[in-house]
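Welcome! Take a moment to look over the sequence and turn the model around before reading on. The notes below then walk through it topic by topic.

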Amino acid sequence: MSGQMRSGRRVMMVFAHADDETLLAGALIAKLVSDGHDVKVLCLAPGDDDRVRRLRSSCVDLGVSAVEMLRFSESPMWPSDPDETRELPTTHLDPQLSLVPNAELARKVAGRISEHAPDVVVTHSSYGDYGNSDHAATFCATKLAIE
């Protein structure tokens with residue numbers, strides 16, 4: 001394939017949060033869709049109803065064929081910052097994404113991957129893009145799910 005993807009491939013994008021699809025990969029998704037690829041998005045910690053609505057809307061705008069969500073909660077950006085920890089919802093029952101055991105998270109991601117049988121899976125970088133613990137956990141779980 002000499003560095004280019006064959007037209008018509010199934011691509012699954014796995015992101016930690018709603019907005020990662022546009023902030024980190026919006027141009028890539030738009031390009032893949034315009035080249036004829038079927039792109040699906042899996043979001044692990046989508047956030048509140050407003051963020052879910054915006055996620056679905058942006059995916060429609062980008063041409064994504066399907067959006068799925070797991071219901072983990074977002075971890076604090078900087079866990080050592082006491083102000084950041086206080087902002088977490090105290091009534092949220094879903095565990096923080098970065099605290100979920102990697103094998104458990106990988107099983108959930110693997111289930112979605114096997115259900116959609118993508119040719120290509122795209123996710124965050126190994127270091128969490130800019131050090132985000134949820135992004136790093138998503139990378140580790142997705143890599144384990146693929147292996």
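**A tyrosine at the surface**

At 43% relative accessibility, tyrosine 130 counts as partly exposed, because that value falls between the 20% limit for buried and the 50% limit for exposed. Keep in mind that this is a predicted model. Tyrosine 130 sits in helix 6, which covers residues 128–131. Together with Leu23 and Leu24, Tyr130 forms a nonpolar patch on the surface, and the accessible area of the three is about 320 Å².

**The protein as a whole**

- The protein has 7 helices and 4 strands.
- Read from the N terminus on, its elements follow the order β-α-α-β-α-β-α-α-β-α-α.
- Of the 147 residues in the protein, 41% are buried.
- If you take the contacts between residues at least 6 apart in sequence, 73% of them join residues at least 24 apart.

**Helix 7 and its surroundings**

- Helix 7 spans residues 133–146, which makes 14 residues.
- From its first C-alpha to its last, helix 7 reaches 20 Å, close to the 20 Å expected at 1.5 Å a residue.
- What caps the N-terminal end of helix 7? Asparagine 132 does, with a side-chain oxygen 2.9 Å from the backbone nitrogen of aspartate 134.
- Several residues of helix 7 are buried, among them Asp134, His135, Ala136 and Ala137. Further along the helix, Thr138, Ala141, Thr142 and Ala145 are buried too.
- The cover over these buried residues includes strand 1 (10–17), strand 2 (38–45) and strand 4 (120–122). Helix 1 (20–23), helix 5 and helix 6 are also part of that cover.

**Serine 114 in helix 5**

- Serine 114 belongs to helix 5, which runs over residues 102–116.
- Is serine 114 buried or exposed? Serine 114 is exposed, because its relative accessible area is 56% and the exposed class begins over 50%.
- Between serine 114 and isoleucine 146 there are 32 residues of sequence separation, and their C-alpha atoms are 9.2 Å apart in space.

**Two aspartates with a positive phi**

- Aspartate 19 is not a glycine, yet its phi is positive, at about 105°. You will find aspartate 19 in the loop between strand 1 and helix 1.
- Aspartate 129 also has a positive phi, of about 70°, although it is not a glycine. The place of aspartate 129 is in helix 6.
- With a relative accessibility of 22%, aspartate 129 counts as partly exposed.

**Salt bridges**

- Side chains of opposite charge can pair when their charged atoms come close.
- How many salt bridges does a search of the whole structure find? The search finds 9.
- One of them joins aspartate 119 and arginine 10, whose closest N and O atoms are 3.7 Å apart. This pair links distant parts of the chain, 109 residues apart: aspartate 119 is in the loop between helix 5 and strand 4, while arginine 10 is in strand 1.
- Both partners are partly exposed: aspartate 119 has 36% relative accessibility, and arginine 10 has a relative accessible area of 37%.
- Arginine 51 forms a salt bridge with aspartate 19, again with 3.7 Å between the closest N and O atoms. Here too the pair links distant parts of the chain, 32 residues apart, with arginine 51 in helix 3 (residues 49–62) and aspartate 19 in the loop between strand 1 and helix 1.
- Arginine 51 is buried, because its relative accessible area is 18% and the buried class lies under 20%.
- Lysine 31 and aspartate 35 meet through their side chains in a salt bridge, at 3.2 Å from N to O. Lysine 31 is partly exposed, with a relative accessible area of 47%, and aspartate 35 is partly exposed at 35%.

Conventions. Residues are numbered from 1 along each chain as its sequence is written. This is a predicted model: local features need pLDDT of at least 70, side-chain atom pairs count only at pLDDT 80 or more; totals for chains, interfaces and linings use all residues. Side-chain values use heavy atoms; hydrogens and water are left out. Buried means under 20% relative accessible area, exposed over 50%, partly exposed in between (1.4 Å probe, protein chains only). Patches are made of residues with over 30% relative accessible area and no salt bridge: like charges are joined within 9 Å, nonpolar side chains (Val, Leu, Ile, Met, Phe, Trp, Tyr) within 5 Å. Accessible areas come from the Shrake-Rupley method with a 1.4 Å probe; for residues, only the protein chains shown count as cover. A salt bridge is a side-chain nitrogen of Lys or Arg within 4 Å of a carboxyl oxygen of Asp or Glu. The expected span of a helix is 1.5 Å times one less than its number of residues. Contact means heavy atoms within 4.5 Å. A polar contact is a pair of N or O atoms within 3.5 Å; within protein, one must be able to donate a hydrogen and the other to accept it, and residues adjacent in sequence count only if both atoms are side-chain atoms.
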